[in-house]
Structures are given as structure tokens and as C-alpha cells.
There are 2 protein chains.
Amino acid sequence: MALVQFYFDFISPFGYFAALRIDDLARRHGRETEWHSMLLGVSVLKVMGLKPVTETPLKGPYQNRDAARYARRHGVTLGRSLTAPAMNPLPAGRAFHWLKRHHPEHYKAVARDLLDAYWRDAIDISNTGIIAEIAARSGLDRSAIQAGIESAEARDLLRAAVDDSLAKGVFGSPYFLIDGEPFWGAEKMEVVEEWLKSGGW
Amino acid sequence: MALVQFYFDFISPFGYFAALRIDDLARRHGRETEWHSMLLGVSVLKVMGLKPVTETPLKGPYQNRDAARYARRHGVTLGRSLTAPAMNPLPAGRAFHWLKRHHPEHYKAVARDLLDAYWRDAIDISNTGIIAEIAARSGLDRSAIQAGIESAEARDLLRAAVDDSLAKGVFGSPYFLIDGEPFWGAEKMEVVEEWLKSGGW
């Protein structure tokens with residue numbers, strides 16, 4: 001069965017919500033997932049020509065309220081304030097893609113730990129030392145990881161991944177591609193589940 | 001029980017999808033609805049400072065695909081092309097608010113007929129004569145309706161309703177306000193249903 005392709009940005013609360021559920025959801029329907037980190041700053045600002053949603057009147061406040069409500073409904077702990085300025089997402093994105101290339105058996109677990117650290121525990125994960133420390137929990141060598149995250153290769157891997165996500169039409173977080181079909185938004189997961197169950201419509 | 005407040009723009013396919021379901025959904029939970037037409041052109045362009053989603057790269061094509069998929073999933077016939085330029089929504093909006101004021105027992109049925117005419121039957125409902133003809137199916141006097149739609153009062157009623165929707169934070173179509181809680185988007189209707197069933201979270 002084809003993989004469920006899951007795209008997210010570390011700075012997106014809805015991406016975090018999806019990360020907490022997508023693997024179980026896919027597995028219930030006999031599917032595995034591939035994760036991709038992307039950058040909303042590139043898709044939203046540069047490609048779509050929009051301002052960040054958090055700076056958009058009416059929609060920004062709504063989105064924060066919606067995220068807080070989703071967290072209450074699904075029992076997700078948000079230690080980080082939804083109105084706090086977003087961190088620089090580049091180090092986490094570079095770490096993600098470097099780990100995916102070099103430690104594919106660990107990249108999802110580390111991504112989950114990074115997301116938990118940022119959203120649940122309100123830890124600043126824009127620091128490569130902290131990222132390496134979190135990755136080390138998966139049994140990886142901390143200094144090798146830190147060097148990897150800071151390498152030119154990691155920068156190139158993230159850039160190529162973002163280009164690829166845009167080429168596939170991905171513009172939001174979370175975003176799912178399943179058998180070529182695109183689904184955008186955390187609450188599309190119910191629709192994704194129906195799609196996987198029914199074989200599409 | 002407080003009313004379920006339902007906001008939509010006649011030119012929004014997702015507003016149409018919601019109009020087809022919201023009354024039944026509310027009734028299942030012992031609620032009645034109040035309908036409000038609003039103008040995406042004002043909320044999106046003027047207040048939020050965004051371009052129309054149909055002109056937004058990546059998101060525009062996605063939204064059309066998503067709407068077509070929703071229609072297939074829910075068995076909604078769309079006679080009108082999703083990529084056709086939108087009509088001028090002002091005459092339908094004026095008719096809606098004039099009827100709501102003067103014929104409150106008929107305004108929802110006429111709104112449903114107008115939405116069916118536009119989306120299912122691909123009829124141009126930016127023409128006040130055609131709107132009056134459609135309204136006449138509900139037993140209303142055609143020429144009185146047409147005069148009403150074209151009156152300064154109808155223009156004022158629409159303007160006041162749009163101002164009021166913005167004051168309440170409404171920025172999209174469909175948009176629901178339930179016990180003060182906002183829900184945006186056709187696929188939020190499952191969340192709305194859970195909210196009504198559980199009493200909120």
C-alpha cells in the first residue's frame with residue numbers, strides 16, 4: 001500500500017496535533033506514513049503572497065481560539081502560548097531532514113520529541129545544542145548529531161525538501177498526500193480516515 | 001435553546017454545502033437556525049487584506065479540488081463550474097436581507113432556492129428579475145419582491161448585516177456561531193455536531 005505522506009511545519013500547532021495522531025490513523029487502515037517538514041514562511045509568504053495568519057485580522061484570533069479548542073477536545077497539553085512569537089524553524093527543519101537521510105529509523109521519533117518539547121513543554125528548539133540533546137534520547141550520538149544539523153548538507157536537504165513540497169502543491173500544515181489526493185488541515189483527518197476506509201470517492 | 005447562527009456568502013460553494021445540511025443538523029440537537037448572508041469580498045479583501053482564495057497560488061486550485069471532492073462525497077450536484085468567475089453577490093444579498101426583514105417565514109426557503117439555482121442549476125442569480133421569479137415560487141408577489149430587492153432599504157439592510165457580521169468576527173463562509181463559539185468551514189460541521197451533542201469542551 002502506498003505511504004500516507006504527512007507534511008508539517010514545527011511552528012504550526014495544527015501540524016503538532018496531526019503528528020500526534022497520523023501514524024495510528026494510517027496503521028488502522030494498513031498504511032505506513034512518511035513525514036516531511038516544510039516551511040510555512042516560504043509557502044505562505046513567498047509563494048502564496050499572503051501575510052502570516054497570526055497577523056491576519058479576524059482569522060488570526062480565530063485560529064488561536066480554534067487551536068486551543070482542538071487541544072481541549074483531544075486532550076492535548078499545550079505548554080506554549082499560542083500567541084507567543086514563533087521560533088526560527090530552520091534548525092529543527094534541518095535536523096529533521098538530516099536525520100531522515102542519515103538515521104531514517106529514528107527521524108519520526110525525534111520529530112515527535114521535538115514537537116513535544118516545543119508545544120507541550122515550551123522549550124526553545126531553535127538551538128542546535130538542545131535539538132541534539134533531544135535527539136540523543138533516541139540513542140543517537142549527541143555531538144555527531146549537532147555537527148550534522150549545522151552542516152551545509154542539512155541546509156541543502158531542507159531547501160530541497162521545501163522546493164519539493166511546493167512542487168507537490170503543499171501550502172499548509174498539516175497537509176496529507178494519499179494516493180495523489182491532497183488534504184489540508186488537522187480536522188481533515190476525519191476525512192482522511194473515511195478516504196482510507198472507503199477507498200475514496 | 002439559543003439559535004445556531006449560520007453565515008454564508010452566495011458565491012461560496014462551501015456555504016452552499018453547509019446550507020444543505022445545517023438546519024437538519026441543528027434540529028437533531030433541538031436547535032433552530034438563523035441564517036445570515038455576508039460578503040467575502042468585504043471580509044477577505046477589505047478587512048483581512050488578502051486576495052481572493054481563487055486567485056491565490058496553491059490554495060486556489062486546492063480549494064476547487066476540495067469542493068469537488070466534498071460534492072462527490074456528499075452527493076451534491078454542482079452544475080456550475082467551480083472555476084467560473086463568481087457573479088456579483090450584491091443582488092442576492094440584498095434580496096436575502098430584505099426578505100428576512102419582510103417575509104421572515106420565507107427567507108430561508110428562498111435562500112435555499114437561490115443557492116440551488118446558482119450552484120446546482122448554474123443560473124445567473126445576479127439579476128433581480130430572476131431572483132424575484134425564484135422568490136415567487138414561495139408564494140410571494142413577484143413585482144413586490146423585485147421592487148423590494150431594488151430598494152434603498154435592501155441596500156442598507158445588506159450593508160448593516162455585513163457590518164454586524166464583521167463586528168462578530170465572521171470572516172469566512174460557512175461560519176457558525178453557537179452559544180458565542182465560532183466555527184469556520186463546511187467540514188467543521190462534524191465538530192459543530194459534536195459540540196451540540198456534548199455541550200462543548
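**Exercise 1. Two helices in chain A.** In this predicted model, work out how the axes of helix H5 (residues 90-102) of chain A and helix H6 (residues 107-120) of chain A are placed, and say what that makes the pair.

*Solution.* 
- Step 1: Two packed helices are described by the angle between their axes and the distance between the axes.
- Step 2: Get both values. The axes of H5(A) and H6(A) come within 9 Å, and they cross at roughly 160°.
- Step 3: Angles over 145 degrees count as roughly antiparallel, so H5(A) is roughly antiparallel to H6(A).
- Step 4: H5(A) passes H6(A) in a right-handed crossing.
- Step 5: Look at who meets whom. From H5(A) come A:Ala92, A:Phe96, A:Leu99 and A:Lys100, and they meet A:Tyr107, A:Val110, A:Ala111 and A:Leu114 of H6(A).
- Step 6: Sort these residues by class. The contact of H5(A) with H6(A) has seven nonpolar residues, no polar ones and one charged.

**Exercise 2. A helix pair in chain B.** Now try helix H6 (residues 107-120) and helix H7 (residues 128-136) of chain B: at what angle do their axes cross?

*Solution.* 
- Step 1: Read off the geometry. The two axes come within 9 Å and cross at roughly 125°.
- Step 2: Name the arrangement. With that angle, H6(B) is oblique to H7(B).
- Step 3: Check the handedness. The crossing of H6(B) past H7(B) is right-handed.
- Step 4: List the contact. On the H6(B) side you'll find B:Val110, B:Asp113, B:Leu114 and B:Ala117, and on the H7(B) side B:Ile131, B:Ile134 and B:Ala135.
- Step 5: Classify. Six residues of this contact are nonpolar, none is polar and one is charged.

**Exercise 3. The overall build of chain A.** How many helices and strands does chain A have, and in what pattern do they follow each other along the sequence?

*Solution.* 
- Step 1: Count the elements. Chain A comes to ten helices and four strands.
- Step 2: Walk along the sequence. The pattern reads β-α-α-β-α-α-α-α-α-α-α-β-β-α.
- Step 3: Judge how compact the chain is. Its radius of gyration is 16 Å, close to the 17 Å that the globule rule gives for 201 residues, so chain A is as compact as a globular protein of that length.
- Step 4: Picture a box. Taken along the principal axes, the C-alpha atoms of chain A fill roughly 45 × 40 × 35 Å.

**Exercise 4. The sheets.** In what order do the strands of the open sheet in chain A lie, and which strands are at its edges?

*Solution.* 
- Step 1: Write down the order. The open sheet of chain A has four strands in the order E2-E1-E3-E4, with mixed pairing.
- Step 2: Find the edges. Strand E2 (33-37) and E4 of chain A each pair on one side only, which puts them at the edges.
- Step 3: Note the twist. From one strand to the next, the twist averages 20°.
- Step 4: Zoom in on one pair. Strand E1 (residues 4-8) of chain A runs parallel to E2(A), and five bridges join them. One of the links is between A:Gln5 and its bridge partner A:Glu34 in E2(A).
- Step 5: Turn to chain B. An open sheet of four strands there has the order E2-E1-E3-E4, also with mixed pairing. Its edge strands are E2 (33-37) and E4 (181-184) of chain B.
- Step 6: Strand E1 (residues 4-8) of chain B pairs with E2(B) in the parallel sense over five bridges, and B:Phe6 has B:Trp35 as its bridge partner in E2(B).

**Exercise 5. Where the chains touch.** How many residues does each chain give to the contact?

*Solution.* 
- Step 1: Count. Chain A gives 21 residues and chain B gives 21 residues.
- Step 2: Find the main supplier on chain A. H4(A) gives the largest share of the side that touches chain B, with five residues.
- Step 3: Classify that side. It divides into eleven nonpolar, three polar and seven charged residues.

Note on methods. Residues numbered from 1 in each chain as written. Chains lettered and ligands numbered in written order. Predicted model: local features only at pLDDT ≥ 70, side-chain atom pairs only at ≥ 80, totals over all residues. Contact = placed C-beta atoms within 7 Å. Nonpolar A, V, L, I, M, F, W, Y, C, P; charged D, E, K, R; others polar. Pairing = 2+ DSSP bridges. Axes fitted to C-alpha atoms, helices over the stretch in contact; angles between N-to-C directions. Parallel < 35°, antiparallel > 145°, perpendicular 65-115°, else oblique. Left-handed = near helix turned anticlockwise from the far one by under 90°. Rg over C-alpha atoms; globule rule 2.2 N^0.38 Å.
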